[in-house]
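Hello,

Please have a look at it first, and then read my notes below.

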Amino acid sequence: MSSCQTTLHVALPPDSRDRGYPIHIGTDLLNDADLLTSLIGDRPVMVVTNEIVAPLYLDALRRALGRDRPVTELLLPDGEQHKTLDSLATIMTAALRGHHERRSVFVALGGGVVGDMTGFAAACYQRGVDFLQVPTTLLAQVDSSVGGKTGVNHSLGKNMIGAFHQPLGVIIDINTLRSLPQREFAAGMAEVIKYGLIYDAPFFQWIIDAGDSLASRDPEALIYAIERSCAIKADVVSADEREGGVRAILNFGHTFGHAIEHVQGYGNWLHGEAVACGMLIAARISESKGNLETAAVAALEQLLQRFQLPVEAPPDMDVDSFLRAMSLDKKVAHGQIRYVLLSTLGRAVITSDVGRDDIEAAIGR
Ligand SMILES: NC(=O)c1ccc[n+]([C@@H]2O[C@H](COP(=O)([O-])OP(=O)(O)OC[C@H]3O[C@@H](n4cnc5c(N)ncnc54)[C@H](O)[C@@H]3O)[C@@H](O)[C@H]2O)c1
């Protein structure tokens, strides 16, 4: 019996090389053999996961895949530092040793690190095989598993090697969030809040109203938050699959956030924590330009605090360190830093019209 609560369909532009795909969101989906079969039939599978997630969820997935299907399992070491070409080679070797051919399906069971690497491996293996995303962090469920960006890091830059490769489908079992550490959960919430700010003011208000339910990981609230987040990301991405224009609004909070991550050293601040602080800085600048009510900025600050997300820039960062780090960011176009601000609550704009004084006022030093 299917336990799926909701399914979204991601449409892609007609000229896309890929088809659209479904996102299934619900409880107990990892145990749902029928759902898996509906997506991949009896095709051979290579599951890629990591040493943290495997003891928690690999058994359930293994059972749902059934006994008759050829399955290869690969457990990678945990952590962003392993999102490398070396790990990619490990995946390729495991796939070749498992005699996988183009009919096989790669399954990514884990957070964004596992998802990005497995998706990229699927894009490259024998010039492209299908893959399924089974994201197990909130961030991966609302962000990295949707949109088709895959890749690995290089010692000279994060996510510098990759490909666009859309999954066959996404299975989001929200039961997996029960084991997610609080900081990782909050980091995912930062992205959920972002979707409200840039695209859907009523959703932003709903997150405020549902704050306690979300913080206690109430299934119904989570399913709605994830569904709405995925729908917004899918909407933005389907309008702009390869990041020519409107997709850039998804970087709200990220320009300042990346600067924080860069200066603090990757891993000290989680990505979502840096984005939370970056969103507040961008919201304050939007306010100073007359686009956003003071009350909305205050509501955002309170909401971030509700999830124990940082609202102060790191004490050792002044406007110069932000500007230096931001000028190194990928989002710099023709020497000008491109900022994503809000034109009103629920709408984002991209602009280079942000001065040193604006940033100084927003970070308060
Ligand atoms: N492709 C995209 O569009 C996109 C978008 C945003 C982020 N990303 C990438 O995603 C990555 C970050 O993803 P992330 O935040 O999921 O990090 P992650 O994959 O490192 O997961 C965070 C931690 O949680 C553990 N974990 C995963 N699921 C768990 C569970 N259910 N219970 C307990 N622990 C669990 C992981 O093993 C890890 O230690 C980055 O590499 C980033 O570049 C990609």
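What volume does the second largest pocket have? The second largest pocket comes to about 290 Å³. This is a predicted model, in which local features need pLDDT of at least 70 and side-chain atom pairs count only at pLDDT 80 or more, while totals for chains, interfaces and linings use all residues. Residues are numbered from 1 along each chain as its sequence is written, and side-chain values use heavy atoms, with hydrogens and water left out.

A pocket here is an open set of points on a 1 Å grid over the protein atoms alone, where a 1.4 Å probe fits, with protein on both sides within 12 Å along at least five of seven lines; lining residues have an atom within 4 Å of a point. The volume is the space filled by probe spheres set on the points, which are joined across faces, edges and corners.

The lining of this second largest pocket has 14 residues, and Asp18, Arg19, Asp130, His165 and Gln166 lie nearest its centre. Strands β2 (21-26) and β8 (157-164) each supply at least two residues of that lining. By type, the lining divides into 7 nonpolar, 3 polar and 4 charged residues (Ala, Val, Leu, Ile, Met, Phe, Trp, Tyr, Cys and Pro count as nonpolar, Asp, Glu, Lys and Arg as charged, and the others, Gly among them, as polar).

Now to the helices (DSSP runs of H or I, at least four residues; strands are runs of E, at least two; both are numbered from the N terminus). Helix α13 (residues 319-326) packs against α14 at an angle of about 120°, with the axes 9 Å apart (axes are lines fitted to C-alpha atoms over the stretch in contact, and angles run from 0 to 180 degrees between N-to-C directions). The two are therefore oblique to each other (angles under 35 degrees count as roughly parallel, over 145 as roughly antiparallel, 65 to 115 as roughly perpendicular and the rest as oblique). Val319, Asp320, Phe322, Leu323 and Met326 of α13 make the contact with Arg356, Ile359, Glu360 and Ile363 of α14 (contact means heavy atoms within 4.5 Å). These residues divide into 6 nonpolar, no polar and 3 charged.

Helix α10 (residues 254-264) also meets α13: their axes come within 9 Å and cross at roughly 100°, so α10 and α13 are roughly perpendicular to each other. The residues of this contact divide into 7 nonpolar, 3 polar and no charged.

Best wishes
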